Amino acid sequence: MCGIAGIVATRPIERQAELLQGFSRALQHRGPDDLGFLSWHGTGLSLGRNAETLAPGTAALVHRRLSIVDLSERGWQPMTDERSRHAIALNGEIYNYPELRAELEATGVQFRSQTDTEVLLRLLARSGIAALTRAVGMFAFAFLDSERRKLVLARDPFGIKPLFFASHGGTFAFASEMRPLIDLGFAPRVVEAAALFGYLRHAITDYGEATPVVGVRQLPSAHYMEVDLDTGHVGAPTRYWSPSNRNGGPRRFDDAVAELRGLFRDSVRLHLRADVPVAATLSGGIDSSAIVRTIEELQGASAVFSYVEDDPTVGEERFVDAVAAAGGTRPHKIMLKPDDLADELDRLVLTLEQPFGTSSMWAQSRVFRSVHEQGFKVVLDGQGADELFAGYPAFRAARLGTLLRRGRLGDVARFLAGMGQGRLPIVLQAVGGFLPADLQRLARSLVGRPSIPRWLNASWFRRQHVDWARPVATSNGASDLQASLYDATVASSLPMLLRYADRNAMAVSLENRVPFLTTALADFALSLPDEFLIGPDGTTKRILRTAMRGIVPDVVLARRDKIGFATPEVRWFAESPALRARLAAAAAGPMPECFGPETGAWLRAVAEQRAPYGPAVWRCWNVLRWASLLKLEFPA
């Protein structure tokens, strides 16, 4: 787990040492254990820990190391093969590296280290991009192939590890984080209007290549791209893997449960591989509970960290305690005070680099900080299960929509009866899916959800040629539920949650691992029949609940609520004068033109408790602080 960056130019890189050192300083928190630089000048390589000693080159790599596997000097990066034909700078972990190494050794390949990095380097040199479908792990890397005279950039199947890129003045640059590209002059300090609208209107922060800064793109998950080292030509990102959403054919539910139990147990086993101690987070939900209890079955004990809250609307402490008691462990509990959020908000905005969804990201950052303070470098987290196994309440609407479309009225009645109270929004959402887009917009306006709310300046977004529709990833799924799961996994939900987790963990030099996110588990989950995922009575995560029976306490498996990783944001705001003062200060100055003419007055009224606080307030506030801290301008 590390930070990487690099530059490619058609002539010797101007200010090479200065730029490489700038990237290294900016990414130090991602890899405080060591650093390394590489320069390629067409006929050979220069390597070292001091960028000033490197020969001028037309391509250069930067690596900051967080030592997890093979802690010795042999794990130093950028890593090359023995003849310096290939080099790699890797951010991530390849969990099945011992198995891959054994295969390569059987063909005569000799290794100089015990690292997963060298295994990936050798595999790429031998098999090229085909190697990516063999690697189980999370990664973003730069692979310099002097034989093909290409620099290959690639990102893991789910985008767990980040990779951003930009071009300026004929020079291409990439980095693990976005801010170094801006601060070092590879992109202008200008807001990208379309991405801004996606956040403000649809609460989406990561979608494909888009970022909220003009000129900065991100390599999408499961993609690679090539940069020609001679011409500087940057190839288009190419997808190398896509989760299967085709039904695997008839199968018994019990057989699928047994298969899931085996796949998940094997994934947790792989994710525990490290040469340093490993901890886990525990929210009290099914996903994190499944990880913690499986760790305890595999190795007998686990170090557990939990955010707990007294507020009954979001508090999950009793479920945390139930899971801890089942394994005989004592969790580290983290409690928060809203005044502390006021003190740390700007730091959090800078850490996450982009406006973010809710204050729950602060709770996550404090949990990761506690893990780090207790001396751990690796933590396992439950991210991804909601998207793969239909954990969100909105997925019920997709399931109901398919039942209605297929005329299965008896199943519809049973489904609605099982959901009890709170079924009306799900019914409306399911029925709304049958309406044409124009009628859907009309219906939203009639129920108080216009396409452009008054706190946004519709004319400004029109001038920026912004499409108002919420982007949706298309798939060939056989049902509404399969299509929704695919969109959540590859586009709308999971990518932004993974970015939050990466930045919050790496801000304290912590590796965050996600055992639910392997291609084997994704292909399995997205090929299941709808009724295996959402039960006939509307129970979400049906197959996961069943697979974890006897492992996770029944009180957790029986939960029908969906709290998520939530904070009592409304209560915090009401109780904290410091938070309200911060909002008032943010709203006091001139408002960017993207906001409506009354938005400033509305935010000030909220700060003075003359208007109610809600999610839109948080998003507006975040944009104001983000643009100010990053010194960004809004296009005219």
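Predicted model: local features only at pLDDT ≥ 70, side-chain atom pairs only at ≥ 80, totals over all residues.

**Strand β4**
I started with β4, residues 59-65, and asked how many of its residues are buried. I got 7 of 7, so by the under 20% relative accessible area cut-off the strand is mostly covered. Next I checked which way the residues point. A59, L61, H63 and R65 go one way, while A60, V62 and R64 go the other.

Then I looked up the partners. Strand β1 (residues 2-8) pairs with β4 in the antiparallel sense, over 7 bridges. In that pairing I found C2 bridged to R65 of β4. Strand β2 (residues 34-40) is also antiparallel to β4, again with 7 bridges. There I noted L35 opposite R64.

**Second largest pocket**
I put its volume down as about 350 Å³. Its lining has 23 residues, and A194, A195, G198, Y207 and A210 are the closest to the centre. Which helix gives the largest share of the lining? I found α5 (residues 193-202), with 7 residues. I also sorted the lining by type: 14 nonpolar, 5 polar and 4 charged.

**Helix α25**
Last stop, residues 599-607. I listed T599, G600, L603, A605, V606 and A607 as the buried ones. Their cover includes α23 (569-575), α24 (577-588) and α26 (615-629). Just past the end of α25, I noticed Q609 with a positive phi of about 60 degrees.

Notes:
Residues numbered from 1 in each chain as written. Heavy atoms only, no water. Buried < 20%, exposed > 50% of the residue type's maximum accessible area, 1.4 Å probe, protein only. Helix = DSSP H or I, 4+ residues; strand = E, 2+ residues; numbered from the N terminus. Contact = heavy atoms within 4.5 Å. 1 Å grid on protein atoms, 1.4 Å probe; cavity = no way out; pocket = protein on both sides within 12 Å on 5 of 7 lines; lining within 4 Å. Points joined across faces, edges and corners; volume = space filled by probe spheres on them. Nonpolar A, V, L, I, M, F, W, Y, C, P; charged D, E, K, R; others polar. Pairing = 2+ DSSP bridges.
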